[in-house]
Amino acid sequence: MALTLLRGIRTPTLFRRNAGLFFTTIHPPLSSFTTRAESAQATESKAAPKSIQLATKEAAEHKKQGFEAVIGIETHVQLSTVTKAFCSCPYNYGSQPNSTVCPTCMGHPGTLPVLNAKVVECAVKLGLALNCEISMTSKFDRKQYFYPDLPKGYQISQFDIPIAKEGYLDLDLPVEFGGGHRRFGVTRVHIEEDAGKLLHSESGSYSQVDLNRAGVPLLEIVSEPDMRTGIEAAEYGAEIQRLVRYLGVSNGNMQEGSLRCDVNVSVRPVGQSKFGTKVEIKNMNSFSAINRAIDYEISRQIVLHKEGQADQIVQETRLWDESSQKTFTMRKKEGLADYRYFPEPDLPEVVLTSDYIDEIHKSMPELPEAKRRRYENMGLSMQDVLFLANDDNVARFFDSTLEHGADAKLAANWIMGDIAAYLKNEKLSIDEIKLTPLELSELIASIKNGTISGKIGKEILIELIAKGGTVKSVIEEKDLVQIADPAAIEAMVDQALADNPKQLEQYRAGKTKLQGFFAGQVMKASKGKANPVLLNKILGEKLNANS
């Protein structure tokens, strides 16, 4: 009852109305709690973004110079639960500021958190997918720090006993970057709640606080410092995104903040076992940005080492600026002691059973790594494998096409070629088109058995993608059955030769490339329905009859 009353009065008493939305406004100077990179960037020239290939090449050059990078990543994954971690508030991206809040997630005195069981399920699922040891008993802790968007003055997290630990992630690097298999260690996966969000005014004179995100459940994945190049780090992040989407625990959308990667980078002389001073980089909203930010930071630190100024590399948080392609100091990094962790007194331990973990394990889908290995065993190239396994929807479509009897390589070619091009042009996903896996398999079979030509197949494909239907009905409706009668094709070849005596004379004088011209004339006359194999055989015989 008390909670209902507080919900009823919270809007008029807690928030100031501004342009139709509700905000809490903070008026102290912005610089008291954040450093804006823009002011430092005003005098910097804007550089064109470097390609990933160039960044990879530079990373290799750094090693030749006698230095190597040591890279680790902290990834925050926002869970796709209906309600927040410790209260019944929903969270919908894009909601009006402070419209999905309650006394609990705003940290009001007298309120108590209640753990969302779905959060634990997601954590166990991701822990198993990352080959981690699941803690049968874990606990929550209070991580103390002040920031205006942290209403309680602390964050509920897990410190010394995370829900999962000591795992690893396997991935395949893209062929264009040298390929190869990599395994990166995962230190831990722990549950925590998100903070709110600061909305800074253009003038920088005040900031407004949106607490919608406060209390949203997160899983933080901490990697081992096993990466050495920007491309490895970027691919690690992409594989985490792929994994959470396959599992259905998060949409993984970086642009919405559902997946955030903070990168720790240090540089040390090759052969030195001791780590250098690490720098954390934030504000990267794409995997290519992660790669470029790491590349810049490696270069910056190597220059300082070579100039004898290694002491200027300090443990700090830096922001990546896309426009200038540089990192800038945001704030000095806090140490663990600054957070003053202690056990959360208002939440009991999380105690799991073997049966609970086994049930979750049984419910998990085939994961990206297992899917890649299965596709590889089919004889598909690594380029095919990486494309097909990248998106769970594409992989399901491909697998279903094979279940209907299609050849794996032919199905992969159609999906990666004409279908992918259509999806890109129309900005659609494969589950939004009207083509079904069954009809793709029928289309492949119709081309293979000679009912239609490959060219006609492409026309039918576009029809099926846009309008649906069946291959058989489209062939019958448009009279697209391939002409495979040798006599009919021979008559068309004779007519093409008779209509083009000049080109025939040139062919027989040695200009043999004109065979393609005659084939085109026959295809035009047959409206693309002439069997190309039979056509070329008959045409070749006719053209060379007098030689």
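This is a predicted model: local features need pLDDT of at least 70, side-chain atom pairs count only at pLDDT 80 or more; totals for chains, interfaces and linings use all residues.
Residues are numbered from 1 along each chain as its sequence is written, and side-chain values use heavy atoms, with hydrogens and water left out. Local features need pLDDT of at least 70 and side-chain atom pairs count only at pLDDT 80 or more, while totals for chains, interfaces and linings use all residues.

**Overall make-up**

The protein chain has 547 residues, and 50% of them count as buried. Buried means under 20% relative accessible area; exposed is over 50%, and partly exposed lies in between (1.4 Å probe, protein chains only). The secondary structure comes to 19 helices and 18 strands. These are DSSP runs, numbered from the N terminus: helices are H or I with at least four residues, strands are E with at least two. The accessible surface of the chain is about 26,300 Å², and carbon and sulfur atoms hold 53% of that. Areas come from the Shrake-Rupley method with a 1.4 Å probe; for residues, only the protein chains shown count as cover. Take the contacts in the chain with a separation of 6 or more: 71% of them involve residues 24 or more positions apart. Contact means heavy atoms within 4.5 Å.

**Aromatic pairs**

A pair of aromatic rings is described by the distance of the centres and the angle of the planes. Rings of Phe, Tyr and Trp (its six-membered ring) pair if their centres lie within 6.5 Å; planes under 30 degrees apart count as stacked, over 60 as edge-to-face and the rest as tilted. The structure holds 7 such pairs.

What does the pair of Tyr375 and Phe398 tie together? Tyr375 lies in helix H9 (residues 368-377) and Phe398 in helix H11 (residues 392-403), so the pair links parts that are 23 residues apart in sequence. Tyr375 is buried, at 0% relative accessible area. Phe398 is buried too, at 0%. Tyr339 is buried at 11% relative accessibility. Tyr339 also belongs to a cluster, linked by ring pairs, with Tyr145, Phe159 and Tyr341.

**Charges over rings**

A charge sits over a ring if NZ of Lys or CZ of Arg is within 6 Å of the ring centre and within 35 degrees of the ring normal. The charged end of Arg183 sits over the ring of Tyr168, 3.9 Å from its centre. Lys458 has its charged end over the ring of Trp414, 5.6 Å from the centre.

**Asp172**

Asp172 lies in strand S8 (residues 164-172). Asp172 is buried, with a relative accessible area of 8%. Its side chain makes a polar contact of 2.8 Å with that of Arg372 and another of 3.1 Å with that of Arg373. A polar contact is a pair of N or O atoms within 3.5 Å; within protein, one must be able to donate a hydrogen and the other to accept it, and residues adjacent in sequence count only if both atoms are side-chain atoms. Leaving aside neighbours within four places in sequence, the contacts of Asp172 include Gly180, His181, Glu235 and Glu369.

**Cysteines**

How many disulfides does a search of the whole structure find? The search finds 0. A disulfide is a pair of cysteine sulfur atoms within 2.5 Å. The closest cysteine sulfur to that of Cys89 is in Cys102, 3.4 Å away, which is too far for a bond. Cys89 sits in the loop between strand S3 (67-78) and helix H4 (117-129). Cys89 is buried, at 1% relative accessibility.
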